[in-house]
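Please keep the sequence and the 3D view at hand while reading.

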Amino acid sequence: MNGPLELISLFDLPRGHEGTVSSGDLATAGDAGERELALRLYEIGFVDGERVRVVARGFPGGEPIAVRVGSTIFALRRFEAERVLVAPLRNGRATA
Amino acid sequence: MSSASEAMSLVLLGNPNCGKTALFNLLTGSRQKVANYPGVTVDRKEGMLTTPAGRQFRILDLPGAYSLNAVSIDEEITRDVVLGTLAGEQRPDMIVCVSDATNLKLNLRLVLEVKRLGLPMMLALNMTDLASKRGITIDVAALQRELGMPVVNTVAVRRGGASELLAQLEASVPARLPQRAAELPPPAAWLAPDVADVTATQREVRRILAASVREPAIDTRFDERIDRVVLHPVWGLLILAATLFLMFQAVFSWASLPMEMITASVDAFGAFLSTHMPESLLRSLLVDGIVAGVGGVLVFLPQILILFLFILALEDSGYLPRAAFLLDRLMGTVGLSGRSFIPLLSSFACAIPGIMAARTISNWRDRLATIMIAPLMTCSARLPVYALLIGAFIPQTTVGVFNLQGLVLFALYLAGVVSAMGVAAVLKMTVSKGLQHPLLLELPSYRLPHGRNLLLGLLERAKIFLLRVGNIILALTVLLWFLSTFPGAPEGATGPAIQYSYAGMLGQALEVVFAPIGFNWQISIALVPGMAAREVAVGALGTVYALSATGDDVAGQLGPLLAAGWSLPTAFSLLAWFVFAPQCLATLAAVKRETNSWRYPLLMAGYLFALAYLASFITYRVALLLTGAGHA
């Protein structure tokens with residue numbers, strides 16, 4: 001996978017930054033509702049190894065976030081985004 | 001089943017935003033039947049297609065779905081139709097999967113999931129024009145080989161864009177099908193997948209894509225440059241506010257000319273009948289009842305169409321989900337989600353399509369909260385009531401640069417929105433405590449709205465509205481005319497005849513209830529037919545005040561009459577009443593259908609009635625105090 005890279009929640013990825021999905025066991029953890037949500041996230045493309053980028057953040061509280069996955073953008077609330085783990089890319093483009 | 005002339009049935013299946021409905025429109029033209037699936041208010045769109053060779057197909061446009069593993073009612077319907085388990089729905093002979101060619105990574109997973117069912121199917125790669133513009137090359141032959149099903153290119157927004165699909169349908173479906181769906185083996189048992197299944201399918205999608213599609217590094221600059229502004233916390237909200245402002249301006253200003261024309265024609269027709277028919281009961285029924293009542297409602301068609309033109313165009317362009325994104329957190333503070341925005345916006349036209357649009361909210365609590373507050377968005381049917389009362393009681397002066405009448409109208413709309421937020425907040429505390437609600441909303445690529453799709457959408461709306469005018473409103477007008485005409489006044493009666501009619505008796509009985517909030521018996525009568533359609537209240541007041549005028553004339557002459565007859569507190573009280581206006585049977589029926597229970601429509605009627613009475617009571621009492629006990 002991504003080696004010893006530090007994994008963070010997708011929600012914590014700053015705007016304009018890219019990361020690689022690496023949810024691993026998180027996808028099968030939790031109660032029935034959480035597993036159902038994880039499944040839907042997988043179905044729409046948040047599978048391990050996929051490149052994602054935070055395009056925009058809502059207001060207030062930086063929620064929801066708009067995430068580009070493949071050629072689609074999905075809006076996710078905080079608890080949804082927290083079901084996805086990502087390895088941030090070092091050259092994630094920081095925007096001023 | 002034996003007759004070869006019986007049309008084959010096709011279903012169109014695909015992700016949301018894949019252009020499926022546009023393809024459906026292209027295939028069927030205006031030969032569409034829009035109805036509901038039994039028991040739920042999910043649109044069931046069916047149409048007929050005749051191929052160049054004369055073959056006939058019955059096409060069903062299924063609701064968009066990301067997966068057969070349904071999380072919303074829309075997706076459940078789609079799954080059940082495909083599996084043939086939906087009561088009253090025949091199993092389709094053929095499944096046409098529609099995929100957005102620019103977004104196969106997302107779309108193909110569903111195709112593979114459906115393929116596992118082992119039913120006859122083919123894949124339509126839609127928006128291939130956009131795909132080639134973006135430099136995406138798809139090796140159709142390879143894709144066909146990998147998927148093991150026919151694959152065709154389509155461009156749903158171009159005339160002739162479905163020719164490959166038509167040819168494939170003619171070629172691969174034999175004229176005399178040896179087996180109809182009813183005779184085919186049932187689909188392979190469908191089991192809800194788990195994460196491992198989905199991961200495996202996604203891996204398969206990537207393998208197939210690697211073998212058949214060459215895609216340059218996706219160029220997302222265009223969309224993202226727009227999104228940087230449109231999704232911006234400050235600029236985005238400003239743009240949204242400006243868009244909504246423009247929309248409401250358009251509803252009121254663009255519609256005025258066609259509305260005047262409709263009024264003039266209705267008046268001319270009424271006058272024509274009056275002069276060419278002898279004085280009789282039939283003439284009274286036609287002129288005072290039908291022409292006045294139906295014409296008075298028909299007048300709102302232009303406003304409704306303009307409102308829907310905006311909503312459809314915003315939807316087609318991909319902007320609406322972005323508005324939902326912007327408002328999600330703000331609406332979340334009162335327990336709603338950004339997804340509630342679209343239904344609530346539609347409710348400004350009419351609560352019924354708004355309540356129906358709420359079905360796209362997958363979370364039941366969110367959906368219920370949205371449904372419950374939809375009637376608080378001021379629907380277009382309340383506009384004539386507002387217009388009449390504001391015209392009669394609010395002086396035409398300016399406050400700064402603003403027109404006072406316009407400000408009052410805006411305040412009434414605002415009162416509705418604010419109370420909706422209040423009710424939602426109360427619901428959040430009581431009904432849906434402590435739950436986390438999913439958003440999971442796709443923000444599709446920006447697109448130019450397409451003319452034919454807008455037109456078909458508007459035609460559909462116009463048809464629904466006109467049917468309503470033709471059925472409910474016509475019946476009601478006739479009934480009201482009857483109730484206020486019979487029985488006639490007794491010999492030597494001093495008051496107007498209507499006072500002795502059934503309607504008069506009813507109004508006087510209701511006056512007991514409504515006197516504390518300042519309503520007289522005439523208003524009380526008008527509220528009764530207003531229950532079936534709010535806009536009838538204006539016509540009803542006209543009838544009740546024994547005016548034999550039609551359409552706008554009623555409003556025109558009624559205004560000064562009301563201004564002279566009612567106190568200011570009474571007028572304000574009635575305005576406050578209509579902010580909540582609990583009396584719309586069609587809305588309550590829609591809620592009953594949507595929630596499949598009597599509990600919620602009754603709850604809604606109860607809380608709206610209580611709020612309306614309370615608001616009117618306070619308004620009336622405060623206004624009485626301020627105006628020195630009024631002059632009534």
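A crossing of two helices is called left-handed if the near helix is turned anticlockwise from the far one by less than a right angle, and right-handed if clockwise. The model discussed here is predicted: local features need pLDDT of at least 70 and side-chain atom pairs count only at pLDDT 80 or more, while totals for chains, interfaces and linings use all residues. Residues are numbered from 1 along each chain as its sequence is written, and chains are lettered from A and ligands numbered from 1 in the order in which they are written.

**Helix pairs in chain B**

Helices (H or I, at least four residues) and strands (E, at least two) are DSSP runs, numbered from the N terminus. Axes are lines fitted to C-alpha atoms, for helices over the stretch in contact, and angles run from 0 to 180 degrees between N-to-C directions. The table lists two helix pairs.

| Helix pair | Angle | Axis distance |
|---|---|---|
| α17(B) and α24(B) | about 160° | 10 Å |
| α3(B) and α7(B) | roughly 115° | within 9 Å |

Angles under 35 degrees count as roughly parallel, over 145 as roughly antiparallel, 65 to 115 as roughly perpendicular and the rest as oblique. Helices α17(B) and α24(B) are therefore roughly antiparallel to each other. Helix α17(B) passes α24(B) in a left-handed crossing. Their contact (C-beta atoms, placed from the backbone, within 7 Å) involves, among others, B:V385 and B:F393 of α17(B) and B:L568 and B:F578 of α24(B). By class, this contact has 10 nonpolar, no polar and no charged residues; here Ala, Val, Leu, Ile, Met, Phe, Trp, Tyr, Cys and Pro count as nonpolar, Asp, Glu, Lys and Arg as charged, and the others, Gly among them, as polar.

The crossing of α3(B) and α7(B) is right-handed. Residues of α3(B) including B:L104 and B:R109 meet residues of α7(B) including B:E204 and B:L209. This contact divides into six nonpolar, two polar and four charged residues.

Two strands pair if DSSP finds at least two bridges between them. Within chain A, β2 (residues 18-21) and β3 (residues 51-57) are joined by three bridges in the antiparallel sense, and A:T20 stands opposite A:R51 in β3(A). Between the chains, three bridges join β5(A) to β12(B), again antiparallel; A:F74 has B:E442 as its bridge partner.

**The meeting of the chains**

In total, 30 residues of chain B are in contact with 31 residues of chain A. On the chain B side, α3, α7, α8, α13 and β12 each supply at least two residues. That side has 15 nonpolar, eight polar and seven charged residues.

**Annotated spans**

UniProt positions are given in the numbering used here, feature names are shortened, and annotations may be inferred rather than shown by experiment. An unreviewed UniProt entry places "domain: Ferrous iron transporter FeoA-like" at residues 8-88 of chain A. The end C-alpha atoms of this span lie 7 Å apart, and the span is 20% helix and 33% strand.

Definitions and conventions
Contact = placed C-beta atoms within 7 Å.
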